[in-house]
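Open your viewer and keep the selection panel at hand. Each stop below names what to select and then what is there.

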Amino acid sequence: MIILIASQKGGAGKTTIATNLAAKLAIDSDVLLLDADRQPSATEWCIERKENHPKRPRVNCVQRYDDIDDTLDDLKDRYEYIVVDTPGKDSIEMRSAMLVADIIIIPVRPSQTDLNTIPVVSRIINQSKKINPNVKVFGLLTMASTNSQVKEIKEATEFFLDFPSIPLLDVVISDRKIYRDNMSEGLSVVETGNLSDSAAKAKEEINLLYKGIVGGH
Ligand SMILES: Nc1ncnc2c1ncn2[C@@H]1O[C@H](COP(=O)(O)OP(=O)(O)OP(=O)(O)O)[C@@H](O)[C@H]1O
Ligand SMILES: [Mg+2]
């Protein structure tokens, strides 16, 4: 199963979602993390993980650029899951991966400037559905402030109602330091030994994300 993490906006939290999800899936599946971003943060996460946490569930990593649909087609039978991290802009990598993905997750911060990218993303997705009609697409609110969350989330949720091709997942990923810390260490928040309230909530968020997108399969 190919899970594509894509957005038209830089810094939406794609790599954070890709790495956390890959590590969660790797607990009981064969997982490949395909880094299609030439600013290779996902690859850096993989290198940290391999060097400093070799006993953690293995996440295989490769870097591929430009048209990646044929590569993904070739690799998809070798892994149970392929998680694809894409550049922070409209790119050939994003568009080609959309042609073969089983699931597309669109992370977006609940701010108006980030939400303003959704109409274009929706049009690109509708185009790709002409070739890949069975793809499942989900929006995911990320980096939501833990203070003013309720109002922001309500406004973003209402905004998404105009884009039925991108249903929002119920889970919201909040802005939590543990996500930043674990990314630089090559870990996932589901692997943290830190039992602070915020760390426990982050872990719950990734577990819910997992259930929301692959739990039913
Ligand atoms: N939920 C979160 N809580 C706190 N910090 C976060 C969260 N998600 C991402 N970040 C931080 O925000 C920054 C951008 O996140 P990330 O690299 O995941 O975004 P991206 O969409 O992959 O960016 P790019 O478009 O540049 O590839 C990083 O420093 C990351 O650690
Ligand atoms: Mg990234």
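**Before you click.** Residues are numbered from 1 along each chain as its sequence is written, and chains are lettered from A and ligands numbered from 1 in the order in which they are written. This is a predicted model, where local features need pLDDT of at least 70 and side-chain atom pairs count only at pLDDT 80 or more, while totals for chains, interfaces and linings use all residues.

**Stop 1: ligand 1.** Select ligand 1 and its shell of 18 residues. A residue belongs here if its C-beta atom, placed from the backbone, lies within 6 Å of the ligand. Gly10, Lys14, Thr15, Thr16 and Gly88 come nearest. By class, the shell has five nonpolar, eight polar and five charged residues. (Nonpolar means Ala, Val, Leu, Ile, Met, Phe, Trp, Tyr, Cys and Pro; charged means Asp, Glu, Lys and Arg; the others, Gly among them, are polar.) Helices H1 (14–25) and H8 (177–185) each supply at least two shell residues. Helices (H or I, at least four residues) and strands (E, at least two) are DSSP runs, numbered from the N terminus.

**Stop 2: helix H1.** Select 14–25. Twelve of the twelve residues of H1 are buried. (Buried means 20 or more other C-beta atoms within 10 Å of the residue's own, exposed 12 or fewer, partly exposed in between; C-beta atoms are placed from the backbone.) Lys14 and Lys24 are among them.

**Stop 3: H1 against H2.** (Axes are lines fitted to C-alpha atoms, for helices over the stretch in contact; angles run from 0 to 180 degrees between N-to-C directions.) Which residues make the contact? Thr15, Ala18 and Thr19 of H1 meet Ser41, Ala42 and Trp45 of H2. Contact means C-beta atoms, placed from the backbone, within 7 Å. Three of these residues are nonpolar, three polar and none charged.

**Stop 4: Thr117.** This residue sits in the loop between helix H5 (112–115) and helix H6 (118–128). Thr117 counts as partly exposed because it has 17 C-beta neighbours inside 10 Å. Beyond four places in sequence, Thr117 contacts Ser7, Gln8 and Lys9. Thr117 and Lys9 are 108 residues apart in sequence but 7.1 Å apart, C-alpha to C-alpha.

Stop 5: Most residues other than glycine have a negative phi. Asp66 has a positive phi of about 65°, and Met143 one of about 50°. Asp66 lies in the loop between strand S3 (60–63) and helix H3 (69–75). Met143 lies between strand S6 (136–141) and helix H7 (149–160). Buried or exposed? Asp66 is exposed, with 10 C-beta neighbours inside 10 Å; Met143 is buried, with 20.

Methods: Contact = placed C-beta atoms within 7 Å.
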